[in-house]
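Visitor: I am new to this structure. Could you show me how to read its features, one at a time?

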Amino acid sequence: MAVSTSEEPAELRALFGGPEALGRQPDGLEDPQAGPEESDARTRAPARARGGVANAMDVVDALRPWEHRRQAGRGRPRLLLNMASTTDGRATIGGRSGALGNRADRELFHALRTAVDAVLVGAGTVRAEHYGRLVRDDSARALRRVRGLAEEPLACVVSQSLALPVDEIPLLADPGARVAILTPSSAGLPECEADVSYVRCARDGRLDLGAAIAELGNLGVNTVLCEGGPHLNAQLLAAGLVDELFLSLAPKLAGGDTSSESLRIVSGPALTPPVELELLDALESESLLLLRYGVREAL
C-alpha cells in the first residue's frame, strides 16, 4: 500500500467516542519516559479527522506507537497483535487471510507497519502468505525516518525447525530486508540475499518466546507488531506477552470445521483462564469492524 496515493484513503467511522477517542491510551501504557504534561498531551491527541471520519494513517498518527518505550519492570518491548477474522471466527479462507479484509483493513495493516520497530510472524504464515518486503513504498519509508525509526522494520520470524525455503520466500530473497530468526535451533538458513541474524532462546528444546522477545528489546526494539499466525498468537497470549489486539471483523460467514483451513485467530490448547480484553476503540468501514482491544493483564 502506498502511503501517498492519488486515491482518497478509505474512510473509517468511529462507533463511539468520536474520532478524538482514537488518541486515548489504556491506563498503564503511557510512555514512562515522558513527563506528566507530555504524557497527558499524547493521551488526548486527536486523530486528524474530517467530520467524524478518519483513515488508517489518522488512527496510527493518533496512537503514536513509535513513541512508546519499554515500561519499567516489564523488561520487554510492547507487543501489538493484528489479526482478521470472519464474523463466525475463521482466520483464513482457502488457507489465506487476504480474502477477509477490505481496503480500509489493508490500509491499516500497512499503516501499522510504518509505526513499529519490528514485525513478528510465524514461519507457517511467512510460507503461506509469501511474505515479501515489509515496507515497499518510498513515502512510507520516509515517514518512518521522520518518526525516528529505521526505514524498514526488523522482520522477526519465529521458526522451531528453520523450515524456511529461502528460494520460495520473497522476504529472504530481498537484499534490502533485515530479518531476525527467533529459534531454539543452533542451525542456520542457507545463504540468501536478506540480512539474516538469529535470536536463539531455548527451553527444554523449544523456543522460549518470552526470552526471545526480551532479547529483541536488548537489540533496541521497543514496539513489536505481530501478524500471526494462530498458533503463534496462542503462545504469545499464554505467555502474557500481548499488550493490544487489533481485530478486523469481516462481515462474512465462512462455515467450515476446525481443520487447518478453518483456523481461528488463536489456535492450540485452551487459554486457562481466558485472556480478558478491554475494548478501546471501534471503527467501521463498509460493515467491516476495526476493533482495538487492550489485554487487561497488560494494562
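Guide: Take a charge over a ring: NZ of Lys or CZ of Arg is within 6 Å of the ring centre and within 35 degrees of the ring normal. Here R200 lies over the face of Y198, at 4.3 Å from the ring centre. The charged end of R147 likewise sits over the ring of W66, 4.0 Å from its centre.

Visitor: What kind of model do these values come from?

Guide: The model is predicted; local features need pLDDT of at least 70, side-chain atom pairs count only at pLDDT 80 or more, and totals for chains, interfaces and linings use all residues. Residues are numbered from 1 along each chain as its sequence is written, and side-chain values use heavy atoms, with hydrogens and water left out.

Visitor: How many helices and strands are there in the chain?

Guide: Helices (H or I, at least four residues) and strands (E, at least two) are DSSP runs, numbered from the N terminus. The chain has seven helices and 13 strands.

Visitor: What share of the chain do buried residues make up?

Guide: Buried means under 20% relative accessible area, exposed over 50%, and partly exposed in between, with a 1.4 Å probe and protein chains only. Of the 299 residues in the chain, 51% are buried.

Visitor: Which residues of helix 6 are buried?

Guide: An α-helix has 3.6 residues a turn, so residues three or four places apart point the same way. In helix 6 (residues 209–218), the buried residues are L209, A212, I213, L216 and G217. They fall within an arc of 155° seen down the helix axis, so they line one face of helix 6; the arc is that of the directions from the helix axis to the C-beta atoms.

Visitor: Is helix 2 largely enclosed or exposed?

Guide: Eight of the eight residues of helix 2 (residues 56–63) are buried, so helix 2 is largely enclosed by the rest of the structure. Just after helix 2 comes R64, with a positive phi of about 50°, although R64 is not a glycine.

Visitor: Which strands does strand 11 pair with?

Guide: Two strands pair if DSSP finds at least two bridges between them. Strand 3 (residues 78–86) runs parallel to strand 11 and is joined to it by seven bridges, with T86 opposite A250. Strand 13 (residues 288–295) runs antiparallel to strand 11, with six bridges; one of the partners there is G294, which faces E244. Six of the seven residues of strand 11 are buried, so strand 11 is largely enclosed.

Visitor: Which residues is K252 in contact with?

Guide: Contact means heavy atoms within 4.5 Å. K252 is found in the loop between strand 11 (244–250) and strand 12 (277–285). Leaving aside neighbours within four places in sequence, K252 is in contact with T86, T87, D88, A99 and L100. K252 and L100 are 152 residues apart in sequence and 7.8 Å apart in space, C-alpha to C-alpha.

Visitor: Where is there a cis peptide bond?

Guide: One joins T272 and P273, with omega about -5°; P273 is in the loop between strand 11 and strand 12.
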